[in-house]
Amino acid sequence: MSGGARPRRLGLWIPWAAFAAAMLGWFAYWMILKDQALARLEAAAAAHRAAGGVAAWRTVSADGFPFRLSLRFQGVALGARDGAWRRDAPRASLHVNPVDPLHVLGAPDGAFTLTRDGRTADVSAREAGFSVRFTGASLARASLQATDVSWREGGATTKIGRLLLHLRPDPRTPGAAQMALEIDAWTPPRVTPVLAPLGADIAQVRAAVVSNAYARALDDGAAAWALAGGALRMEAGELRWGPNPPRPPSSPAKATRCSSAAPTATWPVSTPAVV
């Protein structure tokens, strides 16, 4: 009987031993991934600072094992190489799926301040996050999404109900990038008198834009990109201005009046134009 019991016990222990070995291997891989991610971030930050930019954080911690790798930063400062802007945030986070480490998710984790040309804006959103996917060392696509955005600067407030931005390399032109922008429920801080009859709220903005030499803008800032001949080409767009649901226009650049007193203007763009 003892000889028969021993194989049965061995059959019970083998699956548990295999599970423990797999967990140890996965933990080792997660730790290696964490160390590599931190090393690459430190190297990228050092290179950005050497080029004149700002990239620093007070502390960073890692968690999320076993399903993801989350890097949580405290006291984050990030600024352009040309000094055109600087972003300061008390917290921020990056998230990586261990089985797909070339896909990075991030979030500001609260409000932050943005400084441009000596002016400071307080930016907040109910929900915000971004997604970046790489192919090797090259950018494959990037997305930014935010809801209930508030931008306070100099006593004026801009509000956006929903913001969505997509960017990817343009497969038609080397070095160019395609950008798709969507804005819903946009309330600018002020409206010029000539546009005041349209109301204070812009219902929707849609735009498809192509940028040449976009990597120069990412690396060196908008000023260097413009000096290098940077340009934006609008390939499609639509603007709907007014608080009422818009009606499909019968012709481009046509303003229509709804049944109520509030007007709605729609300007679809179908012919590419340089902006």
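What percentage of the 275 residues in the protein chain is made up of buried residues? Buried residues account for 27% of them. The model is predicted.

**Figure 1. Overview of the protein chain in the predicted model.** The chain holds 3 helices and 14 strands. Its accessible surface is about 16500 Å². Carbon and sulfur atoms contribute 64% of that surface. Among contacts with a separation of 6 or more, 48% are between residues 24 or more positions apart.

Figure 2. Strand β3 spans residues 85-97 and includes S93. S93 counts as buried because its relative accessibility is 3%, and the cut-off for buried is under 20%. The S93 side chain makes a polar contact of 3.2 Å with the side chain of H95. A polar contact of 3.0 Å links the side chains of S93 and D109.

**Figure 3. Pairing of β3, β5 and β6.** Strand β5 covers residues 112-116 and pairs with β3 in the antiparallel sense, over 4 bridges. In this pairing, R87 stands opposite L114 of β5. Strand β6 covers residues 119-135. It is joined to β5 by 5 bridges, and these two strands also run antiparallel. F112 has V123 in β6 as its bridge partner. The hairpin of β5 and β6 has 2 residues between the strands. There, D117 takes a positive phi near 50°.

**Figure 4. R87 over the ring of F112.** R87 lies over the face of F112. The distance to the ring centre is 4.2 Å. Both residues also feature in the strand pairing: R87 stands opposite L114, and F112 is the bridge partner of V123.

Figure 5. V99 belongs to the loop between β3 and β4, the latter being residues 100-107. With a relative accessibility of 64%, V99 counts as exposed. R68 is 31 residues away from V99 along the chain. The C-alpha atoms of V99 and R68 are separated by 8.6 Å.

**Figure 6. The ring pair W26 and Y29 in helix α1.** The count of aromatic pairs comes to 5. In one of them, the ring centres of W26 and Y29 are 5.4 Å apart and the planes meet at 45°, so the pair is tilted. Both residues lie in helix α1, which runs over residues 2-50. They are 3 residues apart, about one turn of the helix. W26 is partly exposed, at 26% relative accessibility. Y29 is partly exposed as well, with a relative accessible area of 33%.

**Figure 7. The ring pair F27 and F65.** The rings of F27 and F65 form an edge-to-face pair, with 5.3 Å centre to centre and 90° between the planes. This pair links distant parts of the chain. F27 sits in helix α1, while F65 sits in the loop between β1 (54-63) and β2 (69-79). The two are 38 residues apart. F27 has 39% relative accessibility and counts as partly exposed. F65 counts as partly exposed too, at 32%. Ring pairs bring F27, W30 and F65 together in a cluster.

Key: Residues numbered from 1 in each chain as written. Predicted model: local features only at pLDDT ≥ 70, side-chain atom pairs only at ≥ 80, totals over all residues. Heavy atoms only, no water. Buried < 20%, exposed > 50% of the residue type's maximum accessible area, 1.4 Å probe, protein only. Polar contact = N/O pair within 3.5 Å; in protein donor to acceptor, adjacent residues only side chain to side chain. Contact = heavy atoms within 4.5 Å. Areas by Shrake-Rupley, 256 points an atom, 1.4 Å probe, with all protein chains shown as cover. Pairing = 2+ DSSP bridges. Phe/Tyr/Trp six-rings, centres within 6.5 Å; stacked < 30°, edge-to-face > 60°. Lys NZ or Arg CZ within 6 Å of the ring centre and 35° of its normal.
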